[in-house]
Amino acid sequence: MKLTSSEQSMLAGKHGKATQKAMQILVALGTIYNASRMVPVTSVQIAGVSFDNLGEAGLQFLTEMADGGGKARVLTSLNPAGMDIENPDVLGIDPLFAKNQRRVIAAFDRMGVLTTCTCTPYLAGNVPSLGDHIAWAESSAVCYANSVLGARTNREGGPSALAAALTGLTPEYGYHLGENRQPDLLVDVQVNVSSSIELGALGKTIGERLQASSRRLPYLRGIPTLSMECLKSFCASLATYGGAAMFHMQGITPEAGIVPLPKEQISISQADLEDAVESLSDASPDEIDFVSLGCPHLSIDEIARIAELLKDRRVRREFWITTARPTKLIADQRGYSQVIEASGAKFATDTCCVVAPIRGRFRALATDSAKACYYAASKNRFKTLILPFDEVVALATRE
Ligand code: F3S
């Protein structure tokens, strides 16, 4: 790789040990992927924040980087942690876990990282612009950034995202290059989709077709309009089931009008979506002892809807409302939080039902999220039931 003189001085250790380590990580990565140079990034999002994923070894690495004088050079935020940082007890989090999780957050804080823990940084002030080079790690957010915002990022790991934060740089390969942002599978969507469950099912169906055909970047046509909430649901599902980091959507995403249409084509029917929804449930409503909305983290409009549905009702099952702390603060100001908490539902701010340490604690999860179903089964060993958003709330309150 060709390094500028300032990059070389970082590598030589002239900006401290942590910056040197960060530069070593980026040079190693760039060498593996044949990058010819570094590019400056405007935004970073770091995953691997839950102590459940990091463990002692991960915490030690972060502590060493903070002790080594590491300081974020660009706007950097975090993926969800393993608990609500302010209210771990409400969610039944073990005190020892809470202590270790706080040490993780403190290490990031020392490095100047914004300790907003969310998988929707684009709803919480970390919003890159079209064409920006960035280094994000959370798979659903990476897909959203590349596709919907038109920013450019690979799917970073925890260490490479931190390295980008501490240097303000990332190696130029993969989705940073225009040639790798060309679609290779045309998808005709022959069905109306307008809700989070439908977009999750669509993401799963297309994701599995990508895996089967070794394609990686779909171009969707046939969808006239979509809300931001639907787009975030689609991104989470497409990334989970297809490993995709980007898509184009005709008339909706910013680069769809400037790329050539792929020759290979598939279509998606109503029956495909119904099959996908059916495949995501193996629990009956009677088995549900855990309900969660907010994968990816909820927007303020979604929280407003939950408050409307829960007004003067009582929830009968553990019900987690997962969102970013800035969104929760708006919900407090609007009075939504009071309505929701009066029902017995719990805010799981800064965290989610996947990264919190809850394996074995519940039998079966009800949710509207295809991604949450995948990880509830594979990570936490829960049975799952996927339902439309409003029906999830209704089930939470059912006697
Ligand atoms: Fe976000 Fe957790 Fe889902 S990180 S995308 S809410 S699995």
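These questions and answers cover the ligand site and some salt bridges in a predicted model.

Visitor: Where does the ligand sit?
Guide: In the largest pocket. The test is that more than half of its atoms lie within 2 Å of the grid points.

Visitor: Why is the contact of Asp-52 and Lys-379 called a salt bridge?
Guide: The N to O distance is 2.9 Å. The limit is 4 Å, so the pair qualifies. Asp-52 lies in helix α3, and Lys-379 in the loop between α13 and β14, so the pair ties together parts that are 327 residues apart in sequence.

Visitor: Why is Lys-379 called buried?
Guide: Its relative accessible area is 15%. Buried means under 20%, so Lys-379 is buried. Asp-52 has 36%, so Asp-52 is partly exposed.

Visitor: Is Glu-399 buried or exposed?
Guide: Exposed, with a relative accessible area of 72%. The cut-off is over 50%, so the label holds. Glu-399 meets Arg-316 in a salt bridge at 3.2 Å, N to O. Arg-316 has 46%, so Arg-316 is partly exposed.

Visitor: Which residues are linked in a network of salt bridges?
Guide: Asp-84, Glu-86, Arg-325 and Asp-350. The structure holds 23 salt bridges.

Conventions:
Residues numbered from 1 in each chain as written. Predicted model: local features only at pLDDT ≥ 70, side-chain atom pairs only at ≥ 80, totals over all residues. Heavy atoms only, no water. 1 Å grid on protein atoms, 1.4 Å probe; cavity = no way out; pocket = protein on both sides within 12 Å on 5 of 7 lines; lining within 4 Å. Salt bridge = Lys/Arg side-chain N within 4 Å of Asp/Glu carboxyl O. Helix = DSSP H or I, 4+ residues; strand = E, 2+ residues; numbered from the N terminus. Buried < 20%, exposed > 50% of the residue type's maximum accessible area, 1.4 Å probe, protein only.
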